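Here is a short report on selected local features. Which residues are buried, and which rings pair up?

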Amino acid sequence: MSFYNEIKLIFNDSSYGKKYGKMSLGLLLLAVSYNLFICPINLVSGGAGGLGVLFRHLFGIQPSLVVFFVSFLMFVLAFLFLDAEQVVSTFFVAIVYPLMVRATSGISGIIGIDTSHVLVIVVFGAILSGLGQGYIFKLGLNFGGFSVLAKIINKYTKISVTLINAIINGVIVMFGAYYFGISMLFYAILFIVISRYVSEKIMLGISFNKTFKIISSEYLLIEKFIYEELGHDVTVYDTYGAYSKGDRKLLMVVIPSSEYGILKEYVKSVDRAAFIFVADTYEASGQDISIAAGKCV
């Protein structure tokens, strides 16, 4: 299917409209958290929002403009290098999120938060941000930003998306520490930890990884998606169905919880009859489990 036809299919599918409508609520929570808690204390916690705080301090540029510029740039990169669904998702975020950031820019003046209690502001800002992120992840979507750049780098280098995101956000956070003081670095780290924890709780639970076991007649497509799009290796087992009396292929892969919705939605899109078993994985250390176990075919 051509790229144009994929885009057309997405826009003609009513389920996508509902999904992106729900995504707007998650983006609104992120925008409120940004303007009510993050901007008033100049908290640089990474991402386009962190650059917005920095550019406002250095050049007096409105954070919403910075967020729009970064989001639009990520949309262009997604259009050039990623698949149709990620292009649509990135385009939606590039338009809607900056508008929400702009629309809620005066909320701190209306509610009147006392910025002298920095720790309280960081904690509640992280909780609200985590709620927004978790809700978006639960829909099987992503709120764009520099994660798009991370996915592109992963596509051509196979470097972990998580590692690339950590490096990009780490650099932004360090610039924040340079301009606003070392104490803001600690607050930024606290913000990231709390928001990620809340996001994980909203999605599925407290584990940071999920083990997928999948039995499907379309196992080759799913295997290719896991390896090429998510950047993970996958173990393939020969299995036997006692009831069906037939040979089956079973895929097993350990992925970050943030990719749970993405993989689940993809499997269901190519095979609605697929058997999917998902378990919390509380520890995954050492070599990639798929490589360590070998590929059994």
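## Burial and the model

A residue counts as buried when its relative accessible area is under 20%; over 50% it is exposed, and in between it is partly exposed. Phe225 has a relative accessible area of 12%, so Phe225 is buried. The model is predicted.

## A stacked pair

Phe225 also takes part in an aromatic pair, with Tyr266. The pair is stacked. Phe225 sits in helix 11 (residues 219-228), while Tyr266 belongs to helix 12 (residues 260-270). The two residues are 41 residues apart, and their pair links distant parts of the chain.

A charge sits over another ring. Lys158 lies over the face of Tyr227, 5.0 Å from the ring centre.

## Phenylalanine rings

The whole structure holds 10 aromatic pairs. One of them joins Phe75 and Phe91, with ring centres 5.1 Å apart and planes at 55°. Planes under 30 degrees apart count as stacked and those over 60 as edge-to-face, so at 55° this pair is tilted. Phe75 comes from helix 4 (residues 63-81) and Phe91 from helix 5 (residues 84-103). They are 16 residues apart, and the pair links distant parts of the chain.

Are the two partners buried or exposed? Phe75 has 15% relative accessibility, so Phe75 counts as buried. Phe91 is partly exposed, because its relative accessible area is 39%. Both residues belong to one aromatic cluster, formed by Phe68, Phe72, Phe75, Phe79 and Phe91.

## Val198 in helix 10

Val198 is placed in helix 10 (residues 182-203). Its relative accessible area is 12%, so Val198 is buried. Which residues does Val198 contact, leaving aside neighbours within four places in sequence? They are Ile127, Gly130 and Leu131.

Gln133 is 65 residues from Val198 along the chain. The C-alpha atoms of Val198 and Gln133 are separated by 8.7 Å.

## The hairpin

Strand 2 (residues 235-241) and strand 3 (residues 246-256) run antiparallel. They are joined by 7 bridges. Asp238 stands opposite Lys249, a residue of strand 3.

The hairpin of strand 2 and strand 3 has 4 residues between the strands. In this hairpin, Lys245 takes a positive phi near 60°.

Methods: Residues numbered from 1 in each chain as written. Predicted model: local features only at pLDDT ≥ 70, side-chain atom pairs only at ≥ 80, totals over all residues. Heavy atoms only, no water. Pairing = 2+ DSSP bridges. Phe/Tyr/Trp six-rings, centres within 6.5 Å; stacked < 30°, edge-to-face > 60°. Buried < 20%, exposed > 50% of the residue type's maximum accessible area, 1.4 Å probe, protein only. Lys NZ or Arg CZ within 6 Å of the ring centre and 35° of its normal. Contact = heavy atoms within 4.5 Å.
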